Amino acid sequence: MTQYSPKSAQGDRPASPSFYKAARGIGSWLYTLDHKRIGIMYLVFVLAAFLLGGVFALLVRTELLTPGKTIVDANTYNRLFTLHGVVMVFLVIIPSIPASLGNLILPLQLGAKDVAFPRLNLASFYIYLIGACFALYSLVNGAVDTGWTFYTPYSNTTDTSVISMVLAAFILGFSSIFTGLNFIATTHSLRAPGMTFFRMPLFVWALYATSVIQILATPVLAITLLLLLAERVLKVGIFDPAMGGDAVLFQHFFWFYSHPAVYIMIVPGFGVVSELITTFSRKPIFGYRAIAMSSIGIAIIGFLVWGHHMFTAGQSEIAGMIFSFLTFLVAIPTAIKVLNWTATMYRGSIVLRTPMWYAIGFLYLFTVGGLTGMYLATAGTDVHLHDTYFVVAHFHFVMMGGTMFAFLGGLHYWWPKITGRMYNETLGSFACLVAFIGFNMTFLTQFVLGAQGMPRRYYNYLDQFQPLHAFSSVGSYVLGLGFLLSAVCLLGTLFKKSDAPDNPWEGTTLEWQTASPPPLENFHDQPAVNAGPYDR
Amino acid sequence: MAIMGREYHHAHHFPSARAEADAAKLGMWTFLATEVLMFSGLFMAYTAYRSTHAEMFKAAHQLLDWRLGGLNTLVLILSSLTMALGVRSAQQNKREQSAFYLVVTLLCAGAFLVVKYFEYTHKIHLGLLPGGYYTYNGPEFAGIDSPHIFFGIYFLLTGLHGFHVLFGMIAITWILLRTTRGDFSSKYYTPVELVGLYWHLVDLIWIYLFPLLYLVG
Ligand SMILES: [Cu+2]
């Protein structure tokens, strides 16, 4: 390890108290400007929303156990899958890694005392809460049945509570913009002395690339949702074919944001996995620059591919070909990452701890998710697979098998740093295994269902699909059980004494060189850096 | 830019006041980028419909008064100038001059909104309204398809811009109060500079809106 930070032990000053003990009382949380406390508050709400979205998912899967009615009627079912989508996308996955783990870890990895704009950081947390309140309001006021994509013209005519849900997504977008803005300014202005851009940990690189996408894409979502509101309130008619408007224009607007948004969701996961694999292979990461730059490459190409959602919406053949080609290009930087991760593991002394199990799970799930994306990027096969369970499975492999596995891996990795407590390694790894098995039962099945022609979002289905649907539903219960076990594993530690060492995993980045949990200003003395982040 | 001194107490997590000011400016520029992208969505809607409904756009824009639009353009350009002068005076420690320029900027912004108010009431009176509320039935649109789309886009673009003007006025009032309170000096004037940047963007957007809406033909 060639980085150093002068340890408190070197001086004769007493060690500073952890940031939990630096202030007490509810006000010390509500008005806090400390990035760690804000990160923890985000974490609590993201996990609560994950539970809520998960319950919706289990209800959807339970309904699909049998054709026709199983537990709820068709209208309720439409609301359930919409709520599952909206909650998971806007309240869970988008803020999951950046706003919770990112807030907690980014300044630590940079060797900074805080993010550049602490007040803006707190504001973005409260904006997130306000957005969540609008979403809850919509939920108890008839909910939404449009799907999380809010496609027009249906979203203009349905009498469910679309306005409050769209407002929720609009407000949550601002929270995401402010977090991104904050991270960009932090990365530029608060790196420790000696930390050049190419000495930043890859998690920082990933968050930086994500922030750039957030800054560039989210405003377009904001205007799209404003237009949708204007359609409903002012009856502007630009998305309404009955009034001379164009419904596909909405799809262009929506996917111009929402395709980059899937990179807002997955790129932070890449960052986490880079950290996990290098730490638990006890080896510097292979192809540091290639991984860092491929995040930026994905961020750029990601803006040019939105048309692959409209292969069947009547866009011109030439546009379809161009979008198809550009979509294939994304596979290059993505494959660069996967290959570099496996190359890092090659001949490493791999230590199989819980975070590493999640990282390995990620590698497999994300690779399957990425490769099936190629089927969908091929305009010809997409005509067959469009709007089937194949798309559902692909999306969940990337978003859940990718982002959520990375998120959980990161959560287990940094849990000792955040809470100061070690969890039960056996239970943690076992929970990961259960979730992994459940995940594959749920979603591998859906590739088959989709290829056989089962359309997504349908309440009813042909009898011939029942065995696979039932298998998938049972898989979702196993998956739920896995997450429940990891919740028990992590939350159980809160009842025991603080026992985590400063650096339980032999990590090399700066966050491992301060106390677990860190003091209020993160480091006892300003750390300085004179080598790459993973040099051992 | 070598004006930053040690006397101003910058936030503890920045190594220096200079670093803090630079970070603030970077943050503001990033925010301005999001603003541009937000408007660019509406400009895309404009472009899409203008290319499919060229004749309609041509006919519809004649119902906008280019003289009022031109007047507002001049008012905003003037306000950009006074804003720039206000920032410069703050940099040079001329507090009263800075306050004066900020007041003029505010007056210009107010004048812009007053003119906009008259334009809007006129259109509401004629029924030149977005989509479902459109009732105008003049000879200009004989044989022309869906003019309500133009007015939908017109109201969205100018409305969103007007909202930004309003927000700018609040921000300018805030730095005006702080200026008179004596918060700023040649050592510390970041907020004035940031509001200035924001205000220039608001003006710049109008400079695109004006020809696109009023002078299409
Ligand atoms: Cu896409």
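## A walk through the model, starting at the copper

Start by selecting the copper ion: His259(A), through ND1, and His308(A) and His309(A), each through NE2, coordinate it at 1.7 to 2.0 Å. Keep in mind that you are looking at a predicted model. Read along the chain, the donors follow the spacing H-x48-H-H. Now colour chain A by helix. His259(A) sits in helix α9 (residues 247-280), while His308(A) is in the loop between α10 (288-301) and α11 (317-345), so this pair ties together parts that are 49 residues apart in sequence.

Are these two histidines buried or exposed? His259(A) has a relative accessibility of 7%, so it counts as buried. His308(A), at 11%, counts as buried too, because the cut-off for that word is under 20%.

**Next stop: the core**

Select Phe90(A), Phe150(A) and Trp341(A). Of the 247 residues in the largest nonpolar core, these three touch the most other members. Then pick out helix α4 (residues 74-110) of chain A, which gives this core its largest share, 21 residues. As background, nonpolar side chains in soluble globular proteins tend to be buried together.

**Out to the surface**

Zoom in on Leu51(A), which belongs to helix α3 (residues 35-63). Its relative accessibility is 60%, so Leu51(A) counts as exposed.

Time to look at the main chain. Most peptide bonds are trans, and most residues other than glycine have a negative phi. Here are some exceptions to click on.

- Thr152(A) to Pro153(A): this peptide bond is cis, with omega near 0°. Pro153(A) is in the loop between α5 (118-140) and α6 (154-157) of chain A.
- Ser516(A) and Pro517(A): a cis peptide bond joins them, and omega is about -15°. To find Pro517(A), go to the segment after α16 (466-492) of chain A.
- Lys235(A): phi is positive here, about 55°, although this residue is not a glycine. Look for Lys235(A) in the loop between α8 (202-233) and α9 of chain A. With 38% relative accessibility, Lys235(A) counts as partly exposed.
- Arg282(A): again not a glycine, and again a positive phi, near 55°. Arg282(A) is in the loop between α9 and α10 of chain A.

**Last stop: chain B**

Finish by moving to chain B and selecting Leu209(B), in helix α6 (residues 190-214) of that chain. Leu209(B) has a relative accessible area of 0%, so it is buried. What is packed around it? Leaving aside neighbours within four places in sequence, Leu209(B) is in contact with Phe43(B), Leu157(B), His161(B) and Tyr214(B). Before you go, draw a distance between the C-alpha atoms of Leu209(B) and Thr158(B): they are separated by 7.8 Å, though the two residues are 51 residues apart along the chain.

Technical notes:
Residues are numbered from 1 along each chain as its sequence is written. Chains are lettered from A and ligands numbered from 1 in the order in which they are written. This is a predicted model: local features need pLDDT of at least 70, side-chain atom pairs count only at pLDDT 80 or more; totals for chains, interfaces and linings use all residues. Side-chain values use heavy atoms; hydrogens and water are left out. Helices (H or I, at least four residues) and strands (E, at least two) are DSSP runs, numbered from the N terminus. Buried means under 20% relative accessible area, exposed over 50%, partly exposed in between (1.4 Å probe, protein chains only). Contact means heavy atoms within 4.5 Å. A nonpolar core is a set of buried Ala, Val, Leu, Ile, Met, Phe, Trp, Tyr and Cys residues joined through side-chain atoms within 4.5 Å. Donors are N, O and S atoms within 2.8 Å of the metal (3.2 Å for Na, K and Ca); water is not among the atoms, so sites may look incomplete.
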